[in-house]
Amino acid sequence: EMVELPAEKKKEQEIFTDLEIKKLEDAVGKVEWVDVILIFIYTGMRISELFELTKFNVDIKNMVITGGVKTDAGRDRIIPIHPKIQGHIKKWYAVPGEYLISNTIGTMMNVDNFRHRKYYPTLEKVGVRKLSPHKARHTFASMLNKAGANKVYIQKLIGHANYAVTANTYTHSDVEELRKAIEMI
């Protein structure tokens, strides 16, 4: 009771650097699975959210994903597809099967298998640090913030509910406003 300790410093989250993202972009077509890592980075989706997406959740004509599962705020959120990954989304959409990104037999990708057999080996091949798939989500939010995107839109795109009641109640966004926020990256 008598001892007062200093507040614990919050550890800065690691994110993919611009150089690492460039390395990933340069490896498209040369290293398998790089496109999926870029999809994580430019959608901010959790690994389980991306692998649970069916083609029904992707409006390929309007380049919009409707998805998310973890929280009420994150469930069925609208994520406009960034121009940098539209080709990757179209490629996966054209692959036969129910899921947007599936395993070799067309069923849902196993998260742990992907993480250890595809994701980390791909980062190593490209020469990128071993950052978890969730760090792509942090990268997405950081890129939006750095680009000056509206904080409410960032939170809507990520699927977090912790913004002010006023913003939650009185701020309304449509797909075009969310698309503009994504394209600020």
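How many aromatic pairs does a search of the whole structure find? In this predicted model, the search returns 8 aromatic pairs. One of them joins F114 and Y119: the ring centres are 6.2 Å apart and the planes meet at 50°, so the pair is tilted. Both F114 and Y119 are buried. These two residues also belong to a cluster linked by ring pairs, together with W33, F40, F51, W92 and Y120.

Two lysines lie over aromatic faces. K130 is placed over the face of Y120, at 4.8 Å from the ring centre. Y120 is itself a member of the aromatic cluster. K55 lies over the face of Y93, with 6.0 Å to the ring centre.

The protein contains 9 helices and 3 strands. From the N terminus, the order of elements is α-α-α-β-β-β-α-α-α-α-α-α. Of the 185 residues, 43% count as buried. Among contacts with a separation of 6 or more, 61% are between residues 24 or more positions apart.

The accessible surface of the protein amounts to about 10,800 Å². Carbon and sulfur atoms account for 53% of that area. A nonpolar surface patch is formed by M2, V3 and L5, which together have about 440 Å² of accessible area. M2 counts as exposed because its relative accessibility is 81%, where the cut-off is over 50%.

Technical notes
Residues are numbered from 1 along each chain as its sequence is written. This is a predicted model: local features need pLDDT of at least 70, side-chain atom pairs count only at pLDDT 80 or more; totals for chains, interfaces and linings use all residues. Side-chain values use heavy atoms; hydrogens and water are left out. Patches are made of residues with over 30% relative accessible area and no salt bridge: like charges are joined within 9 Å, nonpolar side chains (Val, Leu, Ile, Met, Phe, Trp, Tyr) within 5 Å. Accessible areas come from the Shrake-Rupley method with a 1.4 Å probe; for residues, only the protein chains shown count as cover. A salt bridge is a side-chain nitrogen of Lys or Arg within 4 Å of a carboxyl oxygen of Asp or Glu. Buried means under 20% relative accessible area, exposed over 50%, partly exposed in between (1.4 Å probe, protein chains only). Rings of Phe, Tyr and Trp (its six-membered ring) pair if their centres lie within 6.5 Å; planes under 30 degrees apart count as stacked, over 60 as edge-to-face and the rest as tilted. A charge sits over a ring if NZ of Lys or CZ of Arg is within 6 Å of the ring centre and within 35 degrees of the ring normal. Helices (H or I, at least four residues) and strands (E, at least two) are DSSP runs, numbered from the N terminus. Contact means heavy atoms within 4.5 Å.
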